[in-house]
Structure formats: structure tokens, C-alpha cells
Amino acid sequence: MQATQTTITLGQTELQLAPLGVGVWAWGDRGFWGYGTTYGIQDVGEAFVASINAGITLFDTAEIYGMGESERILGELIRKTGAPALIASKFAPTPWRLSAKIVASALDASLYRLGVERIDLYQIHWPFTLIPIPDLMHALADAVEAGKVRAVGVSNFSAAQMYTAAEVLHKRGVTLAANQVHYSLLQRAPEANGVLQACRDLNATLIAYSPLEQGLLTGKYSRSTPPTGPRFLSSLRYNWDELDRLLGLLREIGSTHGGKTPAQVAMNWLIAQGSVVPIPGAKNARQAHDNAGALGWSLTPAQIEAIDEASHGWRR
Ligand SMILES: NC(=O)c1ccc[n+]([C@@H]2O[C@H](COP(=O)([O-])OP(=O)(O)OC[C@H]3O[C@@H](n4cnc5c(N)ncnc54)[C@H](OP(=O)(O)O)[C@@H]3O)[C@@H](O)[C@H]2O)c1
């Protein structure tokens, strides 16, 4: 059995990384994730170390996560441990930000909170904005020229928006390294809406967010024990019978690989699509360690196909 690649290149950049990262939205975010209640700084610090020890170096944050707290925590952990982490962060094009000129000051504020001089991957968080995409791309290219950013990406962009972004960047001698979108076995839209194909055409990486569907694909939630808080509402979108059938298949396939969990099988499947890097959130060392178990082995072609068929309904 061939094992998943140990290292990939982010888009056409010089950045080398494992084909799995860590999303750190939950590090410092109280409102959605409950930081400071069931888990805190000690737990996320241990999650950071467990990830690094497993060879996972990409950490995805954003200026809006925990109102800057996620960037602060990540920066502190990197400084404290000296770990060779790659930082991905994001600019939030909120409706009150009316000009791309604001990108430069938002980036400086992120650099300050992170305590670093350069961000490895700087992304535009979403496209719904009054600032035209070309203006944002010029601002990103300026940031690369200023040495404050190594690679640039977008998030939640459609295929058409990606081509627009890539064309503007190309004229400035910069490549579009990544589009970060929602992609999981329960959210296969990037295959149907052209985003996965656009990533392949442009040699960009698809960074898959919420790859565990915010915990549902771990198998720990069920009809009788659904997630609580804001995640309860989003869980209502799913039919538990269909989800149970899928989880059963993931367990069965996982058992043929020495007891891989549904989460590990679900992420291995995403990686098998090629040019996809899932960034699961992890609140503690146990979750980080579990998630790292998605690496180092590969599903067989027949298993990839069986999972494809079983989750095809979520391709819409
Ligand atoms: N660009 C965007 O618009 C956007 C949007 C959303 C997310 N993101 C990025 O994507 C990252 C990941 O997405 P996400 O956090 O929404 O969802 P996710 O990765 O699908 O789920 C993460 C949650 O699942 C649970 N979990 C994770 N690993 C587990 C394990 N091994 N065993 C049991 N439970 C486990 C944890 O919550 P519990 O323990 O509470 O169940 C964890 O917080 C974010 O941190 C962020 O960086 C980006």
C-alpha cells in the first residue's frame, strides 16, 4: 500500500508542508467554540506541540478569530517553542472597509499580534465586499513586494473569482497559492462548482476548512447526543440515518488500515483528491494527535470509490 505523500508544495510557491494543517479558529474564540470554558491555553498549547511533533506545520488563523486572540495565541506559541510553523492568516473584507488601502494596515496589525515580520500565506477571507477583487489582489501583491507576505491566497472564492484574482496577480509576478473553502465528505460542493478544477488548472492548493464538519465526521455526535451551542443548528441540516450509514462505512474501511477512525479516513479521502490540504481544528493534544493519524497511509482506489459513492449526495 502506498502511503500519502509526506510533503507537498503549497501552490507554485516555495512553501513545503505536510498535506494537513491545523485550523486555529477555536484558539481564543469564546462565542462559537467556548474557549476558556471546556478548554484553554494549556490545551491549545499542547495541541500545537502535538501537531508540530507529528510533522504538521501549517496553522490557519484570521484577524477576526477571537477578535485577534487566535493570532496572539498562535504567535506566542511559536515564539515560546521556536517551532518551524507556517502561518496562514486572513484579511476580513467587512462592509465598512471601503478601500483596498486598508489591507496594509490590517496586515500590520496581524503581524503585530502574531509578533512576526512576515506571514507565510495571507488570504482574503471572503469575496463579498465593496472592494473589487483586482484592487485586493494589487494590495496583496504590494504586501509580497514589501516582504511582509510570502504567498497569497483567497478564501470562499468561486472558480470565476479565482481566475480573476490569478490574472491580476500574474501581471504582478505573483501566483495565487490557494483557495480556502468548505470541503468535507458532507460538503462536496467544490467538486461540483468548479473550484477544485480551478485549483488544478491554476496549480493552486485547495485548503479544505471544516473537514470534519465541525466534529460530525468524528462519529462522536449522534441523534441522541448532537453538538450543542451554535453547532446544534447547523447539525439540523443532516439526516442522522444517512450520516450513520456513512460513518459505518468509514469505520469499516478504517478497520482495514489498523483501526483508523472515521475522521482519519474522511481526511485521507480529501487528501487523495490531490492538491487538497485539510485544516481540521483541534482543541487539545488528543484531537491534534488523532487528526495527524490521517497522514502516513493511503486508502485503496476501491475504498476511495466506495466513499465517493456513499457521500455523492453531498456533492450538490
Ligand atoms: N475561511 C473560512 O471561511 C473558514 C470557515 C470555517 C473554518 N475555517 C478554518 O478551518 C478550520 C477548521 O474548521 P472548523 O474548526 O470549522 O471545523 P472542523 O475542523 O471540521 O472541526 C473542528 C472541531 O471538531 C472537533 N474535533 C476535531 N478533531 C477531533 C478529534 N480528533 N476527535 C474528536 N473531535 C474532534 C473539535 O470540536 P469539539 O471537541 O467541540 O467537538 C474541533 O474544534 C478553522 O479552525 C479555521 O481555521 C475557515
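1. Asn203 has 15 C-beta neighbours inside 10 Å and therefore counts as partly exposed; please keep in mind, here and below, that this is a predicted model. Asn203 sits in the loop that leads from α7 to β9, and its phi is near 55°, a positive value in a residue other than glycine. As background, most residues other than glycine have a negative phi.

2. Glu213 also has a positive phi, near 50°, and is likewise a residue other than glycine. Glu213 belongs to the loop between β9 and α8 (230–235). Is Glu213 buried or exposed? With 24 other C-beta atoms within 10 Å, Glu213 is buried, since the cut-off for that class is 20 or more.

3. Which strands pair with β9? Strand β8 (residues 176–182) pairs with β9 in the parallel sense over 5 bridges, and the bridge partner of Asn179 in β9 is Leu206. With β10 there are 3 bridges, and the two strands again run parallel; here Ile207 stands opposite Val277 of β10.

4. These strands are part of an open sheet of 8 strands, in the order β3-β4-β5-β6-β7-β8-β9-β10, with parallel pairing. The edges are formed by β3 (22–23) and β10 (276–278), each of which has a single partner strand, so one side of each is left without a neighbour in the sheet.

5. Thr57 lies in the loop between α1 (41–53) and β4, and counts as buried because 21 C-beta neighbours lie inside 10 Å. Not counting residues up to four places away in sequence, Thr57 touches Leu17, Ala18, Ile52, Pro84, Ala85 and Leu86. Thr57 and Gln16, although 41 residues apart in sequence, are 9.3 Å apart in space, C-alpha to C-alpha.

6. Turning to the helices, α3 (residues 102–114) lies across β5 (86–91) and β6 (119–124), and runs at about 140° to β5.

7. Helix α5 (residues 159–171) packs with helix α7 (residues 195–202) at an angle of about 25°, the axes being 9 Å apart, and the two helices are therefore roughly parallel to each other. On the α5 side the contact is made by Ala159, Met162, Tyr163 and Ala166, and on the α7 side by Val195, Gln197, Ala198 and Leu202. By class, this contact of α5 with α7 has 7 nonpolar, 1 polar and no charged residues.

8. At what angle do α9 (residues 240–255) and α10 (residues 262–272) pack? The angle is about 90°, with the axes of α9 and α10 8 Å apart, which makes α9 roughly perpendicular to α10. Leu247, Leu250, Arg251, Ile253 and Gly254 of α9 meet Pro262, Gln264, Val265 and Ala266 of α10, and by class the contact of α9 with α10 has 6 nonpolar, 2 polar and 1 charged residues.

9. The largest nonpolar core has 99 residues, of which Ala165, Leu176 and Ala266 touch the most other members, and the largest share of this core, 7 residues, comes from α10. Leaving aside neighbours within four places in sequence, Leu176 is in contact with Gly11, Val152, Gly153, Val154, Met162, Ala165, Ala166, Leu169, Leu202 and Ala204. In general terms, nonpolar side chains tend to be buried together in soluble globular proteins.

10. A last point concerns Ala306, which lies in helix α12 (residues 301–310) and, with 17 C-beta neighbours inside 10 Å, counts as partly exposed. The C-alpha atoms of Ala306 and Ser110 are separated by 43 Å, and the two residues are 196 residues apart along the chain.

Conventions. Residues numbered from 1 in each chain as written. Predicted model: local features only at pLDDT ≥ 70, side-chain atom pairs only at ≥ 80, totals over all residues. Axes fitted to C-alpha atoms, helices over the stretch in contact; angles between N-to-C directions. Helix = DSSP H or I, 4+ residues; strand = E, 2+ residues; numbered from the N terminus. Parallel < 35°, antiparallel > 145°, perpendicular 65-115°, else oblique. Contact = placed C-beta atoms within 7 Å. Nonpolar A, V, L, I, M, F, W, Y, C, P; charged D, E, K, R; others polar. Pairing = 2+ DSSP bridges. Core = buried A, V, L, I, M, F, W, Y, C linked by C-beta atoms within 7 Å. Buried ≥ 20, exposed ≤ 12 C-beta atoms within 10 Å, placed from the backbone.
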